[in-house]
Number of protein chains: 2
Amino acid sequence: MNQPAIKHALNVKRADDFAQWYQAVIAEAELAEESGVRGCMVIKPWGYGIWERIQKLMDAEIKEAGVENCYFPLFIPLSYFTKEAEHVEGFAKEMAVVTHHRLISDGKGGLTPDPEAKLEEPLVVRPTSETVIGAAMSRWIQSWRDLPLLTNQWANVVRWEMRTRMFLRTSEFLWQEGHTAHVDEADAMKETLRALEMYRAFAEGPLAMPVIAGPKPENERFPGAVETFSIEAMMQDGKALQAGTSHYLGTTFAKAAGIQYQNKEGQQALAHTTSWGVSTRLIGGVIMTHGDDDGLRVPPQVAPQQIVILPMLRDNEGDDALLAYCEEIRASLVKLSVFGERIRVLLDKRPGKATQKRWAWVKKGMPLILEIGGRDAEGGLVSVLRRDRLWRQDAKPNFVGQAKDDFLASAATELESIQAALYDEARARRDAQIVRDVTDLEGLKGYFAEGNKYPGWVEMGWAKPTGEALDKVVEQLKALKLTIRNTPMDAEKPVGACPFTGEPAVEKILIARSY
Amino acid sequence: MNQPAIKHALNVKRADDFAQWYQAVIAEAELAEESGVRGCMVIKPWGYGIWERIQKLMDAEIKEAGVENCYFPLFIPLSYFTKEAEHVEGFAKEMAVVTHHRLISDGKGGLTPDPEAKLEEPLVVRPTSETVIGAAMSRWIQSWRDLPLLTNQWANVVRWEMRTRMFLRTSEFLWQEGHTAHVDEADAMKETLRALEMYRAFAEGPLAMPVIAGPKPENERFPGAVETFSIEAMMQDGKALQAGTSHYLGTTFAKAAGIQYQNKEGQQALAHTTSWGVSTRLIGGVIMTHGDDDGLRVPPQVAPQQIVILPMLRDNEGDDALLAYCEEIRASLVKLSVFGERIRVLLDKRPGKATQKRWAWVKKGMPLILEIGGRDAEGGLVSVLRRDRLWRQDAKPNFVGQAKDDFLASAATELESIQAALYDEARARRDAQIVRDVTDLEGLKGYFAEGNKYPGWVEMGWAKPTGEALDKVVEQLKALKLTIRNTPMDAEKPVGACPFTGEPAVEKILIARSY
């Protein structure tokens with residue numbers, strides 16, 4: 001017997017064109033759109049709602065760790081970067097520069113920057129705030145009693161990007177940036193690793209996105225950092241997404257900004273600083289981890305709404321009773337809790353056909369969809385669609401009829417089950433796509449050859465070369481469009497020789513294509 | 001007998017120099033500081049914590065009204081303003097203009113904008129987002145079914161200011177801006193007034209700051225608005241602070257951005273739009289409404305912490321028992337609720353003398369301060385200081401000793417009482433300083449004469465002149481450094497003649513000095 005073909009909600013499939021599928025999900029789930037302003041996107045309510053959930057949950061973690069939120073200026077004087085540029089090789093120069101503070105008529109019906117209002121010192125729109133926060137820290141810190149100083153801000157930053165992709169690489173993006181100062185390396189490193197572990201647990205918890213945490217190789221460090229750690233997630237096309245970073249900055253920025261303190265012995269010492277951040281890029285990670293050929297699937301913990309109720313209105317006298325029944329279910333659901341918070345429920349009473357609305361919510365990735373018709377209301381029933389179990393074997397939507405009270409009793413458990421299922425699915429897929437039997441360059445070349453459309457990651461040992469020896473490795477990998485993601489913290493000890501240098505391998509690294 | 005003199009915590013008094021007192025409160029309460037970046041401030045944890053409280057409470061109100069949060073670009077192409085400049089007289093031109101996207105070495109050890117990286121079209125850092133949101137609305141709205149469209153964003157905006165004052169007038173500030181589109185004037189005006197009422201209730205509720213709501217005169221309207229409403233609060237120097245505005249924009253921005261919809265009759269029609277906003281300026285309002293000569297007093301509903309527990313540590317073996325007792329009180333308090341939320345309590349275990357810490361918290365405006373010593377712990381007692389009842393008649397801090405359980409039983413009520421007391425005090429002061437018996441220009445001149453250091457407001461009738469007649473009134477008032485704040489919505493009908501035109505008065509207006 002033929003398996004009936006499923007008619008998916010999107011008109012492009014992951015397997016056919018992943019990049020186009022990604023754009024389709026963003027459009028069809030109404031997450032964001034191009035703004036008409038170069039490199040900047042408009043984040044629409046459903047996309048911004050996911051960001052608000054991420055903010056809310058992570059902000060609680062940040063506060064719990066004793067870190068205090070502040071707000072620092074959007075603009076940074078050019079001279080601050082001069083200091084940094086002296087200290088830091090590989091200083092990124094693609095930034096938005098403010099040079100004027102007034103517009104005047106250009107005499108041709110348009111406007112132009114007023115030459116009379118040229119700034120004496122240009123201002124840079126912050127690409128990150130190490131320099132300006134360093135200047136504040138140098139004012140705030142006098143003695144060891146002022147340390148550790150733990151600050152964070154939620155802000156927009158701008159990095160001029162030539163090729164942009166929504167959520168993944170935009171000129172303006174939203175993020176949090178933690179900045180801390182400590183008495184010594186040990187305390188700063190502890191904080192660096194605390195932030196890294198916070199990100200790991202956040203990715204694998206609320207985002208249901210498995211990640212691998214570890215230090216980046218020297219060439220991938222944040223400019224000025226002594227050590228950069230990342231969490232790396234595998235997208236469904238096998239590419240790696242750097243989903244968060246935590247940097248131990250040594251005394252680099254303390255030197256540049258003069259962050260000094262009097263130690264217990266009465267001597268002046270340089271503070272050791274850290275910085276760590278995650279951004280709206282996480283939403284790109286959620287899309288490419290959980291999305292399917294029917295659109296987005298949002299993990300319930302970060303879903304702006306977890307359950308939508310769709311009354312099948314008929315524009316007749318039965319509608320009032322149906323709506324009353326739906327409202328009763330909504331009122332019962334919002335009294336329930338899951339993941340330590342009240343369940344979030346939307347009763348969608350907007351005009352329009354219930355099936356059209358159903359597919360709109362499927363594409364948005366609503367975890368649970370309830371469709372309720374007049375007969376359900378009369379019989380005390382609901383019809384439930386789990387977004388992660390969308391299709392029956394006969395290619396029809398997998399609605400399950402239930403008594404209303406049974407559904408209410410199991411709603412929280414269902415949401416937990418969806419959260420776990422999304423994680424398990426992503427984890428199994430990722431684990432199956434980490435290859436550990438490649439031991440030489442030829443093997444690497446073979447695995448990432450063109451025939452393998454969506455290759456995963458290679459975990460292999462290496463000798464951890466530095467300097468020029470590392471540059472050579474990076475070049476070889478670059479020719480294959482590959483990068484070293486990080487050194488997994490929980491990897492086994494390597495055996496054998498480094499495929500690049502022939503020396504004994506000392507640690508394992510992950511090699512992948514990346515976003 | 002002599003009344004002993006109170007030794008206040010600040011070294012400048014409101015009565016002596018209000019502007020200097022304001023700066024002193026901001027510094028001593030550690031709310032914010034100059035950043036070293038022109039016109040931009042650093043908002044420190046206690047100041048930012050108040051903003052987070054404002055955001056949390058107001059965001060809930062905004063969502064409750066069915067408005068959805070989005071995020072729109074920081075940068076706006078110059079051409080968008082050209083369109084606006086054509087439509088809008090009084091177009092504000094002081095804006096930060098981005099002209100380059102790269103820095104290069106200047107050959108003298110510094111950096112400079114790369115002439116090769118000059119933008120074809122300069123970008124303006126948003127001073128407000130009507131234009132860019134209007135462009136999005138024109139994409140999102142096709143039919144009457146898409147209306148009303150209710151959006152809001154929390155964002156930073158920049159308006160180049162020559163003279164800045166922290167929280168009140170800074171080049172960069174944080175705000176929320178609501179932008180909505182409607183089928184007709186009636187629906188748009190309803191939304192304009194809903195937002196105004198939300199602001200009024202928010203100011204008088206969580207901020208304990210009495211305000212007067214009403215439409216602004218024609219000359220004070222937002223450029224392009226058909227009607228601008230404001231809430232006006234009286235500061236302790238008698239000046240008015242515009243604390244929030246709500247604009248009915250008619251079809252001005254719909255015309256400029258092409259926000260059209262197909263109405264039920266199948267014809268194209270222009271949408272009617274609104275916008276409304278409040279900003280970090282509200283924190284300036286809280287300072288100047290509730291601050292006293294000992295620093296800030298934060299209304300409990302917006303205080304980042306409502307109760308601080310200060311253990312009087314002695315660095316001896318008794319400290320453990322004392323800390324355990326304090327922790328027990330903390331744990332009991334955080335289980336209690338007030339204003340529909342859990343009570344926020346901080347156990348301040350930092351090193352340092354308890355009295356020093358006490359005065360630091362007094363200056364920050366902590367609503368309730370508990371000092372607990374070893375003997376309190378043994379006796380099951382607490383010593384409680386209400387920030388709004390700081391001094392005894394004998395000029396000593398007004399600590400009240402209580403049994404611990406009595407304090408726990410009354411803590412929520414005390415916080416409610418402080419919230420109410422701050423409002424009542426501000427309300428009584430404001431009402432006493434609104435003068436209603438001035439009926440002519442000479443009276444106005446007399447009331448605002450130099451001898452009256454902190455004059456309040458004059459409420460008087462006028463004929464509501466427009467055009468050139470209004471310009472003349474504005475000039476006359478300007479000579480006295482006065483402005484018309486608004487037309488109070490609940491004022492009585494005027495009697496007699498307009499002092500400016502001699503015609504019969506038709507409504508009452510508020511005249512004041514202002515921030």
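Two strands pair if DSSP finds at least two bridges between them. The model discussed here is predicted.

**Strand S12 of chain A**

By that rule, S12(A) and S13(A) pair: eight bridges join S12(A) to strand S13 (residues 240-248) of chain A, and the two run antiparallel. Together S12(A) and S13(A) make a hairpin with five residues between them. In the turn, A:Gly238 has a positive phi of about 85 degrees. Within this pairing, A:Ala233 has A:Leu241 of S13(A) as its bridge partner.

S12(A) also pairs with strand S11 (residues 211-215) of chain A, again antiparallel, through five bridges. A:Phe229 in S12(A) stands opposite A:Pro215.

S12(A) itself spans residues 227-234 and is mostly covered, with eight of its eight residues buried. In a regular strand the side chains alternate between the two faces of the sheet. Here, A:Glu227, A:Phe229, A:Ile231 and A:Ala233 point one way, while A:Thr228, A:Ser230, A:Glu232 and A:Met234 point the other way. Residues pointing in both directions are buried, charged A:Glu227 and A:Glu232 included.

**The contact between chains A and B**

Chain B contributes 62 residues to the contact and chain A contributes 62 residues. The area buried between the two chains is about 5200 Å², and carbon and sulfur atoms give 65% of this area. On the chain B side, B:Tyr71, B:Leu103 and B:Leu111 supply 13% of the area buried against chain A, more than any other three residues.

Polar interactions also cross the interface. There are 32 residue pairs in polar contact, counting residues at pLDDT 80 or more. Helix H3 (residues 78-87) of chain B gives the most to the side of chain B that touches chain A, with six residues. By class, that side of chain B has 37 nonpolar, eleven polar and 14 charged residues.

**Salt bridges**

Over all chains the structure holds 74 salt bridges. Between chain B and chain A the count is six.

| Residue | Partner | N to O distance |
|---|---|---|
| A:Glu33 | B:Arg139 | 2.7 Å |
| A:Arg350 | A:Asp348 | 2.8 Å |
| B:Glu33 | B:Lys44 | 3.5 Å |
| A:Arg344 | A:Glu341 | 4.0 Å |

How exposed are the partners? A:Arg344 has a relative accessible area of 14% and is therefore buried, and A:Glu341, also at 14%, is buried too. In the other chain A pair, A:Arg350 is partly exposed at 48%, whereas A:Asp348 is buried at 2%.

B:Glu33 and B:Lys44 are both buried. Elsewhere, salt bridges with shared partners join A:Glu30, A:Glu33, A:Lys44, A:Lys364 and B:Arg139 into one network.

Key: Residues are numbered from 1 along each chain as its sequence is written. Chains are lettered from A and ligands numbered from 1 in the order in which they are written. This is a predicted model: local features need pLDDT of at least 70, side-chain atom pairs count only at pLDDT 80 or more; totals for chains, interfaces and linings use all residues. Side-chain values use heavy atoms; hydrogens and water are left out. Buried means under 20% relative accessible area, exposed over 50%, partly exposed in between (1.4 Å probe, protein chains only). Helices (H or I, at least four residues) and strands (E, at least two) are DSSP runs, numbered from the N terminus. Contact means heavy atoms within 4.5 Å. Buried area is the accessible area (1.4 Å probe) that two parts lose on being put together, summed over both. A salt bridge is a side-chain nitrogen of Lys or Arg within 4 Å of a carboxyl oxygen of Asp or Glu. A polar contact is a pair of N or O atoms within 3.5 Å; within protein, one must be able to donate a hydrogen and the other to accept it, and residues adjacent in sequence count only if both atoms are side-chain atoms.
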